[in-house]
2 protein chains.
Amino acid sequence: MSQPGAISPRPRVVIVGGGFAGLYCARSLAGADISVTLIDRRNYHLFQPLLYQVATGGLSPANIAAPLRGVLARQRNCRVVMADVTGFDVPGRRVLAHDGGRDCAFTYDTLVVAAGVRHNYFGNPAWESWAPGLKTIEDATRIRAKILSAFEDAELETSPERIREWLTFVVVGAGPTGVELAGALAEIARRTLRRDFRRIDPASARILLVEGSERVLPMYPPDLSRKAQRSLERLGVTVLTRSLVSDVRPDGVTIRSGDMATAVGCRVVLWAAGVQASPLGAALATACGAELDRAGRVVVRPDLSIPDHPQIFVIGDLAHARDASGRPLPGVAPVAMQQGAYVAKLIRARLDGAALPAFSYVDPGSMATIGRAAAVVDFGWVRFSGYWAWLLWLFVHILNLIQFENRLLVMLQWAWNYFTWGRSARLITETDGTARHPPSSVDG
Amino acid sequence: MSQPGAISPRPRVVIVGGGFAGLYCARSLAGADISVTLIDRRNYHLFQPLLYQVATGGLSPANIAAPLRGVLARQRNCRVVMADVTGFDVPGRRVLAHDGGRDCAFTYDTLVVAAGVRHNYFGNPAWESWAPGLKTIEDATRIRAKILSAFEDAELETSPERIREWLTFVVVGAGPTGVELAGALAEIARRTLRRDFRRIDPASARILLVEGSERVLPMYPPDLSRKAQRSLERLGVTVLTRSLVSDVRPDGVTIRSGDMATAVGCRVVLWAAGVQASPLGAALATACGAELDRAGRVVVRPDLSIPDHPQIFVIGDLAHARDASGRPLPGVAPVAMQQGAYVAKLIRARLDGAALPAFSYVDPGSMATIGRAAAVVDFGWVRFSGYWAWLLWLFVHILNLIQFENRLLVMLQWAWNYFTWGRSARLITETDGTARHPPSSVDG
């Protein structure tokens, strides 16, 4: 057993990032005679698949976030460091970081980089201030404030045109996150807020879901996409496929479909359209000559290491890995978890002088939920949708929450919300007091 | 029944502030043939007595905050407006406000001002950036980040002297909030974080509770103060009575006891020492010539109206009211709730051309909790402390939460925390990304 403060002669594994990939790697190293250091900018692991529930007031941040130290408290071979990784010194085998005030470095024998992805505005970084994406708890509480404030502003507005603007919500991108956000928005407008206002009718809100490809959930089989679209339309979401958002302004967007460009007045635009790699991918590429793909992800070998650097692994959304047939693996939680566990196993095997076959992904199937009591599930050998798909979706998500306590509380909160149509975490909060009208969006 | 958008010829009551006083006043007007407008800067009612639990990671903000619109959704004679009240036009009977972008005004026949209090740094406003107080959800999440980050920084620090600084927590003021914060801090350090760190021992943290008067909980009978102090000391809190914090710096405080001044190196200072009235008290005084006390509270008549303005009431913490024997009423939730209900009853009585006797406060007793399973309770006719006092404290607080859902979830979360010593909402979050080292405290 390691004692706090003792200097360890054991092999040192440094893991950058405490998401699904990094955390599952660290946990899979439990008990090994290895000194593990997990570095993250945050002090918690975030269950991103349910983040849209925080953004729409159904759950609290703490319901889907587990303090990393708490999760790893009993794993004595692992220490957690809260710091910002800034780069890599590959010849010196060091991870460079700073923790706010100080610079620090962490020496490794094996390095695992699992720094994830962020939003991609496709060359329009200015859009970010009008069209926030959903990756962090702060994103979620900001989006929650933006959605709720729009109804507040509509209630105080007198011009019908501007009321219409406040009550128009545009979701860009119809992958699982976009579909889930649009579905939840529809529920909020049609049910949760039904009795809350005196002048406006929240149910008159328009929710537009804009998708560039020809169908929603384009990674799913076409019949599930059709079912998802029907469910969304039944909830009152307007689905625009083969459509692109070509401009985002504080008071509207331009939606282009083929040759036609339409200006839509709206105040809330949510971005669920694309991701780009963490800048640590590029930092790693610079440090050791790794190759990056177009989205900035690091191209890895079949064992998830970097060519010519067998002691450096990249896993999770940051990795560009391919399956046996050469198709790139999707950026989803099951890939990240399995990669984390695989690298841990490989590190253990190497300690024993053994080797492992290449990583191979076992697809557990895909699912997405569409508002209340509707979901689509694709297991490859069976596909279904509707109520039972939703129950399964719920079960799988709750089961994968990290802490038992969270599982219990989320289940109860969900049951409550289900039967009451409630979303009690409808709080407009922000630390700088500008939740409602960020300085850049005050419009006189 | 009022219809949304209909213009009402009914008497208009405008209530400023959705805390205990304002919300209980609005609810007590349910069913009356009156048009009620409740204005608040926030979109939620906050159960402040449990705010220290959010600040110490035991509960989530949504557990103790209830959306005002949700609470009042079925009360059709009441509308909720989310806006910043800026002043009063008393001759024109208007409340002036703005909602971020626009200026707006709300005409009243009866005005109820319940704008509450904020922290008082006794002429040292600069201290606020080092020593946050605890009044809002943002305060609570900021304090939570500050406490947790201190342990993170201590873990990365190498100089023993600076580790000591990071692990010294100073709570200024030993009223109920200060006592509850100090007790919770001791629990976190000694139990919750026990296994979480590898280099530091969280249990070595020092918690100093500094109180100017001669005993903790000075508003309680001396024997309960003694019991509270013993409980705090058993938890490992150092109690310094007859002591004042005479200076606050980013890296320490000066504590003065009699002629002796001691410099204490510390990084976390929490302010629970005093309150001053909302600036709306002064605005009202300017607008209608009301008298203010030293803390800026509005001096009210026995029926809680302002002299010469029988249609303007001030209630809750913002009011300086006295009981029958001339003693000022304390700024606690029961006073606010009873005043809110009283004014509502008085407004109804006046509609019928009737009058009411002066407001008289029925003291339900006082209680404060000291960490885990210990509390002091003073009912006047009986006083007790310890485990049963704590159970009663818990029961009364949960019962007074506004929404049944919150009651249920808080009870469950509390039971969970009790049996596991856990505090799962240990999240370091902030929207501007500077949670850990606010710009002003970065120390190179």
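A crossing of two helices is called left-handed if the near helix is turned anticlockwise from the far one by less than a right angle, and right-handed if it is turned clockwise. Helices here are DSSP runs of H or I with at least four residues, strands are runs of E with at least two, and both are numbered from the N terminus. The model is a predicted one, so local features need pLDDT of at least 70 and side-chain atom pairs count only at pLDDT 80 or more, while totals for chains, interfaces and linings use all residues. Residues are numbered from 1 along each chain as its sequence is written, with chains lettered from A and ligands numbered from 1 in the order in which they are written.

With that in hand, on to chain B. Helix 1 (residues 20-28) of chain B passes helix 9 (residues 333-351) of chain B in a right-handed crossing. Their axes (lines fitted to C-alpha atoms over the stretch in contact, with angles running from 0 to 180 degrees between N-to-C directions) lie 7 Å apart, at an angle of about 35 degrees. Residues touching across this pair (C-beta atoms, placed from the backbone, within 7 Å) include B:Phe20 and B:Leu23 from helix 1 of chain B, and B:Met337 and B:Val343 from helix 9 of chain B.

As for helix 9 of chain B itself, its buried residues (20 or more other C-beta atoms within 10 Å of their own, C-beta atoms being placed from the backbone) include B:Tyr342 and B:Ile347. Among the elements covering the buried residues of helix 9 of chain B are helix 1 and strand 21 (309-314) of chain B. Just past helix 9 of chain B, B:Gly353 takes a positive phi of about 75 degrees.

Terms used:
Two residues are in contact if their C-beta atoms, placed from the backbone, lie within 7 Å. A residue is buried if 20 or more other C-beta atoms lie within 10 Å of its own, exposed if 12 or fewer, and partly exposed in between; C-beta atoms are placed from the backbone.
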